[in-house]
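Colleague: I am new to reading structures, and I would like to learn how to describe one step by step. Could we look at one together?

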Amino acid sequence: VIVDIITNHIATPCQAARGHPVVGESTVPCTGWNGSTYGNRRISGARGWDAASPELFHHRPGDVLSGICGVGAPSYLCGSPITTDCSCCKCDLYGLPDWNTELQEVQEIHYRHLEELYDMGVTMVRMDAALYQDVGQTSRVLNRFPWDYVYMEWWGEYPVGIHDKYVGNYRDVALTWKISNALAVEKDLTKLPELLDLSYGVFGIGDDKALYPLAYHDKRTDEAEPSVATYKNGLEYHQQQKFLLAWPKTTKILLWGGFGWSDTQQGPPGCEPGQELCTPEPVFNDAGEAACMATPTISPLPREQAQKRQWVCEHRWTGVAGLLGFRRACRGLPVSAVPSTGQGRLAFKVGEKCFVALVRGTNERWPQGYGHLGNWSLEGLAVGLPPGRYCDVAALPTRLARDATSCPREVVVGPAGVV
């Protein structure tokens, strides 16, 4: 379990708490999703030790209810041309009151929060808004626990070498942009082989310091968009997550398994606008069956299905479990291109016993201009593998059993390494 930790800020005040408090009225009139109360740069806390007054947040001299500065779209900058210099570390991100992490009292609150998570069994965390926090102050609290893994929210900034040394790995979102462009956006089929040159995402971030997601929470869209990887793109998205699993040049990847939305501000099914408190619908029904969306067969999903409030569970779609086994066997092995006939087809060998082949799909709503390319039987293709029967693990509904002697879809390679 990876838990998203937010030690940069707290929630913006609700309407009733904005401005200076009126004598005799509550200073914490807002209610959070778990029932805790808060106000303007103030939280009452749920444990006692987590209560905070305005003095614990960065504020203007003489006015504890006003932030020093603000940061947000479109530049996300604070007077400096870069964010990695901590020039925004004292600013309210999107109006969210910014913790003064220089204070020992604040560090103690954050320490006890992390201690609570660690004691309940959490061993991996994602550091939200890492660019807007002081590395030294953050690491002094974070590194008091022996986490198994830590990674940071990161966008496309060139690393300066301090965050990965004292906090954790970078979330590298540029790799998914390149995959989506190659398999969904690019209309020139002659450029498809360039996908085999994929070796990094964000310039300056090495594979050993990166975690590569495909979809991620803060880059979702209300409607399907080919350039943004979400379940709404249907089969197009599924091909991209299969490719990410099969691509051997990435060490750590992150698959998305979530729920459907019609508005990116929505929570899981069962939690709808207007509800003060809610209980998410269970993923599994009374019979123990997963109530998830079926594996898509077209791109994009029909709008009614794409907007439906249900569990999607992209990680349960056909081929994912089988490709996890492929990844364990083939990750890190060298890639060599396999010449194929016809544009829009891509094949490559990984090591001496692994092989990948794919065909560019077509988008029904935004046609790329080349139409349906059809299935690829691979017959006659010189794949260069040892003779034998090979399982198409990308077509398996579940993982391939260790003692399996057959596979629903197999590829037979002859003595000359030809299918």
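Modeller: Let us start with a term: a residue is buried under 20% relative accessible area, exposed over 50%, and partly exposed in between, with a 1.4 Å probe and protein chains only. Here Tyr 158 has 52% relative accessibility and therefore counts as exposed. This is a predicted model, in which local features need pLDDT of at least 70 and side-chain atom pairs count only at pLDDT 80 or more, whereas totals for chains, interfaces and linings use all residues. Residues are numbered from 1 along each chain as its sequence is written, and side-chain values use heavy atoms, with hydrogens and water left out.

Colleague: Where is the place of Tyr 158?

Modeller: Helices (H or I, at least four residues) and strands (E, at least two) are DSSP runs, numbered from the N terminus. Tyr 158 lies in the loop between strand S8 (149–152) and helix H3 (163–166).

Colleague: Is Tyr 166 exposed or partly exposed, and why?

Modeller: Tyr 166, which sits in helix H3, is partly exposed, because its relative accessible area is 38%.

Colleague: Which residues does Tyr 166 touch, not counting residues up to four places away in sequence?

Modeller: Contact means heavy atoms within 4.5 Å. By that rule, and with residues up to four places away in sequence not counted, Tyr 166 touches Val 135, Ser 139 and Asn 143. A related reading is that Tyr 166 and Gln 137 are 29 residues apart in sequence, while their C-alpha to C-alpha separation in space is 10 Å.

Colleague: How should I read the order of strands in the open sheet?

Modeller: Two strands pair if DSSP finds at least two bridges between them. In this model, an open sheet of 6 strands with parallel pairing has the order S1-S7-S8-S9-S10-S11. Strand S1 (2–5) and strand S11 (253–254) stand at the edges, each with a single partner strand, so one side of each has no neighbour in the sheet.

Colleague: How many bridges join strand S9 to strand S10?

Modeller: Strand S9 (residues 169–171) runs parallel to strand S10 (residues 210–213), and 2 bridges join them: Tyr 170 has Ala 210 as its bridge partner in S10, and Arg 171 has Leu 211.

Colleague: Which way do the residues of S10 point?

Modeller: Ala 210 and Tyr 212 point one way from S10, whereas Leu 211 and Pro 213 point the other way, and all are buried. Pro 213 also has a bridge partner in S11, namely Leu 254.
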